[in-house]
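Open your viewer and get ready to select a few residues as we go.

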Amino acid sequence: MINVCFQCGMYHADKIIDPSGPFAVCPECGYKHPFRQSPLVIVSGASGTGKTTVCQYLLGKITQAVLLDSDILWRPEFNTPDINYRDFFETWLRVCKNISQSGQLVVLFGAGVGVPENIENRIERRYFSKIHYLALICSDETLFERLQQRPVWRGTRESAYIEESIRFNRWFKTYDSQPAIKLIDTTNTPLEETARQVASWVDESVRLSD
């Protein structure tokens, strides 16, 4: 619980980060809490590009990291577009921060978490040394077919859902800013090869952060 000061007991997510330790400095009493400022790895992409499938395939195969799907924490209380789903993203960064304190790299799979604007300005972002972004993409036609093939209960066959997914897929393709987002096209790539590319990128990201 880095947010709770070990000296005065006050709770602050917005502690001052002193990179010399690194330390999370309590703004109430000045206590310096040493912590691991690890990188965070994010795998994103529009619905239907293969995030969940790749995550499931790599479970147990990537042993140097903890793989998590952001959907597991979603609940109605987080559906707050008026504040850009801030609490959802802050919660996930807090979870990843605390897991990383055990020395484990975290690879977080999810759609919205892969948009740097949703992550880079969050309070909890400061506890990570760097965030590496990767997005899975595919052709519009392939995305349409994949969403149509899903069970009806998922609601992905609705025209509005498909249009939004295609728009999001195109956004990743045209994104040209910093921090950079690595792209992997899954249109005609077998699952095993896509997973291999993702795993290779995770390894490279870890090496670059050392």
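Start with the largest nonpolar core, which has 23 residues. Select Leu40, Ile42, Cys96, Leu108, Ile119 and Ile131, the residues with the most contacts inside this core. A nonpolar core here is a set of buried Ala, Val, Leu, Ile, Met, Phe, Trp, Tyr and Cys residues joined through side-chain atoms within 4.5 Å; buried means under 20% relative accessible area, exposed over 50%, and partly exposed in between (1.4 Å probe, protein chains only).

Now colour strand E4 (40-45), helix H2, strand E6, strand E7 (131-137) and helix H5 (159-174): each supplies at least two residues of this core. H2 gives the largest share, 5 residues. Helices (H or I, at least four residues) and strands (E, at least two) are DSSP runs, numbered from the N terminus.

A word on what you are viewing: this is a predicted model, in which local features need pLDDT of at least 70 and side-chain atom pairs count only at pLDDT 80 or more, while totals for chains, interfaces and linings use all residues. Residues are numbered from 1 along each chain as its sequence is written, and side-chain values use heavy atoms, with hydrogens and water left out.

Next, centre on Ile42. Leaving aside neighbours within four places in sequence, Ile42 is in contact (heavy atoms within 4.5 Å) with Leu108, Val113, Gly114, Ile119, Ile131, His132, Tyr133, Leu134 and Trp201. Apart from the core we began with lies another, of 19 residues, among them Cys55, Leu58, Leu67 and Ala195.

Move on to strand E5 (residues 65-69), where 4 of the 5 residues are buried. E5 runs parallel to E6 (residues 105-109), and 5 bridges join them; strands pair if DSSP finds at least two bridges between them. Show Val66 and you will find Val106 of E6 opposite.

Now pick Ser205 in helix H6 (residues 191-209). Ser205 counts as buried because its relative accessibility is 3%. Not counting residues up to four places away in sequence, Ser205 touches Val41 and His132.

Last stop: the cysteines. How many disulfides are there? With a disulfide taken as a pair of cysteine sulfur atoms within 2.5 Å, the count is 0. The sulfur of Cys8 is 3.7 Å from the closest cysteine sulfur, in Cys5, so the two are too far apart for a bond. Cys29 is in no disulfide either, the nearest cysteine sulfur, that of Cys5, being 3.6 Å away.
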